[in-house]
Amino acid sequence: MNIKSLLNHIARITNAKTYLEIGLKSGSAFFDVSIDSKIGIGQEIENNIFNAADIRSQTIKISSGEFFTNLSQLKATVGSIPETWDVIFIDDLRTFESTYDTFANSVAYSTDQTIWIINST
């Protein structure tokens, strides 16, 4: 099962409404995820990554550390950012330390039903 299929399967069986992708680059999985409210963040987001047909999605070119540190300010300026996420996909720098920090930062924005998918080594 590829990552797009896995994410959509999880979204379907959990009835997920919110999705956060950390480490977004090209959006190859992001725009295919069938969840109502999606935010993708990453330092290396490609400049042309915009899908006008997908109005449910927001992308922010920022590191995960900066995102979580400045989340309350971003909510005031970026627009509709959920208080918590149902599905969090961590596809960040792929080091243990980075993955751990990103996971630890995201816990504050989770619920007891949140599902994390981690694509790191």
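W85 is buried, and Y109 is buried as well. In this predicted model, the two residues make up one of the eight aromatic pairs found by a search of the whole structure. The ring centres of W85 and Y109 are 6.3 Å apart and the ring planes stand at 65 degrees; because this angle is over 60 degrees, the pair is classed as edge-to-face. W85 belongs to the loop between α3 (71–78) and β4 (87–90), and Y109 to the loop between α4 (96–107) and β5 (115–118), so the contact ties together parts that are 24 residues apart in sequence. The two residues also belong to an aromatic cluster, formed by F67, F68, W85 and Y109. A further contact involving a ring is made by K38, which lies over the face of F30 at 5.3 Å from the ring centre.

K38 is also part of strand β2, where K38, G40 and G42 point one way and S37, I39 and I41 point the other way. Both sets of residues are buried. Strand β2 spans residues 37–42 and is mostly covered, with six of its six residues buried. On pairing, strand β1 (residues 18–22) and β2 run in the parallel sense and are joined over five bridges. Within this pairing, L20 has I39 of β2 as its bridge partner. Strand β2 also pairs with strand β3 (residues 57–61), again in the parallel sense and over five bridges. Here the bridge partner of I39 is Q58 in β3.

Strand β4 pairs with β1 in the parallel sense over four bridges, and Y19 stands opposite V87 in β4. Strand β4 also pairs with β5, in the parallel sense and over four bridges. In that pairing, I90 has I118 of β5 as its bridge partner. Between these two strands the chain passes from β4 through α4 to β5, and this β-α-β crossover is right-handed. β1 therefore has parallel pairings with β2 and with β4.

Charged side chains were examined next. A search of the whole structure finds three salt bridges. In one of them, the side chains of K4 and D32 meet at 3.2 Å, N to O. This pair links distant parts of the chain, since K4 is in helix α1 (residues 3–14) and D32 in the loop between β1 and β2, 28 residues apart. K4 has a relative accessible area of 30% and is therefore partly exposed. D32, at 40% relative accessibility, also counts as partly exposed.

A salt bridge is also formed by K25 and E44, whose closest N and O atoms are 3.9 Å apart. The distance falls within the 4 Å cut-off, so the contact counts as a salt bridge. K25 lies in the loop between β1 and β2 and E44 in the loop between β2 and β3, so the pair ties together parts that are 19 residues apart in sequence. K25 is partly exposed, at 43% relative accessibility, and E44 is partly exposed at 48%.

In the salt bridge between E83 and K75, the closest N and O atoms are 3.1 Å apart. E83 has a relative accessibility of 57% and so counts as exposed, whereas K75, at 22%, counts as partly exposed.

As to the confidence of the prediction, the protein chain has a mean pLDDT of 87, and 89% of its residues reach 70 or more. Among the elements of the chain, β4 has the highest mean pLDDT (96) and α3 the lowest (81).

Methods
Residues are numbered from 1 along each chain as its sequence is written. This is a predicted model: local features need pLDDT of at least 70, side-chain atom pairs count only at pLDDT 80 or more; totals for chains, interfaces and linings use all residues. Side-chain values use heavy atoms; hydrogens and water are left out. Rings of Phe, Tyr and Trp (its six-membered ring) pair if their centres lie within 6.5 Å; planes under 30 degrees apart count as stacked, over 60 as edge-to-face and the rest as tilted. Buried means under 20% relative accessible area, exposed over 50%, partly exposed in between (1.4 Å probe, protein chains only). A charge sits over a ring if NZ of Lys or CZ of Arg is within 6 Å of the ring centre and within 35 degrees of the ring normal. Two strands pair if DSSP finds at least two bridges between them. A crossover is right-handed if, with the strands pointing away from the viewer, the path from the first strand over the helix to the second runs clockwise. pLDDT is the predictor's confidence in each residue, from 0 to 100.
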